[in-house]
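Have your viewer open and your selection tool ready.

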Amino acid sequence: SGPTVAIVGRPNVGKSTLFNRLAGRRLAIVHEQPGVTRDRLRAPVRWKGRLFWAVDTGGLVDLQPGADVGGAILRQAAAALEEAAVVLFVVDARAGLLPGDQTLARWLRRLGKPVLVVANKVDSTAVEPAVHEFAALGLGEILPVSAANGRNVGDLLDRVVERL
Ligand code: GDP
Ligand code: MG
């Protein structure tokens with residue numbers, strides 16, 4: 001038991017890499033090919049005396065504008081969102097803002113849960129300016145991180161436990 005934190009986003013943005021980083025172990029398969037996460041994976045995360053369960057999700061198809069997002073999300077991802085105390089909405093700062101991000105954002109705004117926009121693949125300060133365009137998602141604060149090298153992941157964890 002304990003609160004869960006769902007990791008959602010388009011394929012290939014780095015959800016499983018972030019999940020492994022939070023778990024401190026390589027539990028999820030990271031793959032170049034989208035859609036590799038088939039089962040919902042969960043791992044306990046301890047941060048500053050707090051415990052939560054990180055949940056990796058897959059199965060978010062490449063969303064087109066006007067897509068039926070509810071239908072596009074596999075049952076396991078929908079279940080993860082339903083039980084989540086906090087949602088980590090991962091976007092790819094290198095790819096930039098894509099229509100699929102916008103579609104998912106509209107859906108997450110309606111969900112009415114605390115959402116943190118995690119701009120991933122910010123491996124260095126050079127990529128930092130690219131994150132500003134994600135303000136258009138209208139979901140508040142954007143946290144630039146690198147799941148691959150751990151940059152700013154501590155700040156992200158601070159924000160998560162504040163919202164539990
Ligand atoms: P998922 O489909 O959202 O679960 O994405 P994955 O975690 O499988 O990662 C997709 C690709 O992005 C892989 O090639 C990862 O190595 C790469 N990736 C993930 N996080 C980062 C990051 O912080 N920086 C960079 N440069 N690449 C990353
Ligand atoms: Mg994955």
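## First stop: a loop residue

Start by selecting Asn 12, which has 17 C-beta neighbours inside 10 Å and so counts as partly exposed. For this label, C-beta atoms are placed from the backbone: a residue with 20 or more others within 10 Å of its own is buried, one with 12 or fewer is exposed, and anything in between is partly exposed. Asn 12 belongs to the loop that links E1 and H1. Check its backbone too: Asn 12 is not a glycine, yet its phi is positive, at about 75 degrees. Most residues other than glycine have a negative phi.

Before moving on, a word about what you are looking at. This is a predicted model, in which local features need pLDDT of at least 70 and side-chain atom pairs count only at pLDDT 80 or more, while totals for chains, interfaces and linings use all residues. Residues are numbered from 1 along each chain as its sequence is written, and chains are lettered from A and ligands numbered from 1 in the order in which they are written.

Colour by pLDDT, the predictor's confidence in each residue from 0 to 100. The chain averages 87, and 83% of the residues score at least 70. For the complex, the predictor reports an ipTM of 1.00 and a pTM of 0.91.

## The whole chain

Switch to a cartoon view. The chain has five helices and six strands, and from the N terminus their order is β-α-β-β-α-α-β-α-β-β-α. These elements are DSSP runs numbered from the N terminus: helices are H or I runs of at least four residues, and strands are E runs of at least two. Of the 164 residues in the chain, 40% are buried.

Contacts (C-beta atoms, placed from the backbone, within 7 Å) reach across the sequence. Taking those between residues at least 6 apart in sequence, 67% join residues at least 24 apart.

## The sheet

Now select the strands. In what order do the six strands lie in the sheet? They form an open sheet with mixed pairing, ordered E2-E3-E1-E4-E5-E6. E2 (41-47) and E6 (142-144) are at the edges with a single partner strand each, so one side of each has no neighbour in the sheet. From one strand to the next, the twist averages 30 degrees; the axes are lines fitted to C-alpha atoms, and angles run from 0 to 180 degrees between N-to-C directions.

Zoom in on E1 (residues 4-8). Strands count as paired when DSSP finds at least two bridges between them. E1 runs parallel to E4 (residues 86-92), with four bridges joining them, and Val 8 sits opposite Phe 89 in E4. E1 also pairs with E3 in the parallel sense, again through four bridges; here Ile 7 faces Asp 56 in E3.

Next, select E2 and E3 together. They are antiparallel and joined by seven bridges, with Ala 43 partnered by Ala 54 in E3. Two residues lie between the strands of this hairpin, where Lys 48 takes a positive phi near 50 degrees. Is Lys 48 buried or exposed? It has 9 C-beta neighbours inside 10 Å, so it counts as exposed. E3, by contrast, has five of its seven residues buried, so it is largely enclosed by the rest of the structure.

## Helix H1

Select residues 15-23. Eight of the nine residues of H1 are buried, so the helix is largely enclosed by the rest of the structure. Lys 15, Arg 21 and Leu 22 are among the buried ones. The buried residues of H1 pack against E1, E2, E3 (50-56), E4, E5 (115-120) and helix H5 (153-163). After H1 comes Gly 24, with a positive phi near 75 degrees.

Thr 57 lies in the loop between E3 and helix H2 (69-72) and has 27 C-beta neighbours inside 10 Å, so it counts as buried.

## Last stop: the core

Finally, select Phe 89, Val 117 and Val 118. These touch the most other members of the largest nonpolar core, which has 42 residues. Such a core is a set of buried Ala, Val, Leu, Ile, Met, Phe, Trp, Tyr and Cys residues joined through C-beta atoms within 7 Å. Leaving aside neighbours within four places in sequence, the contacts of Phe 89 include Val 8, Leu 108, Val 117 and Leu 139.

Methods: Contact = placed C-beta atoms within 7 Å.
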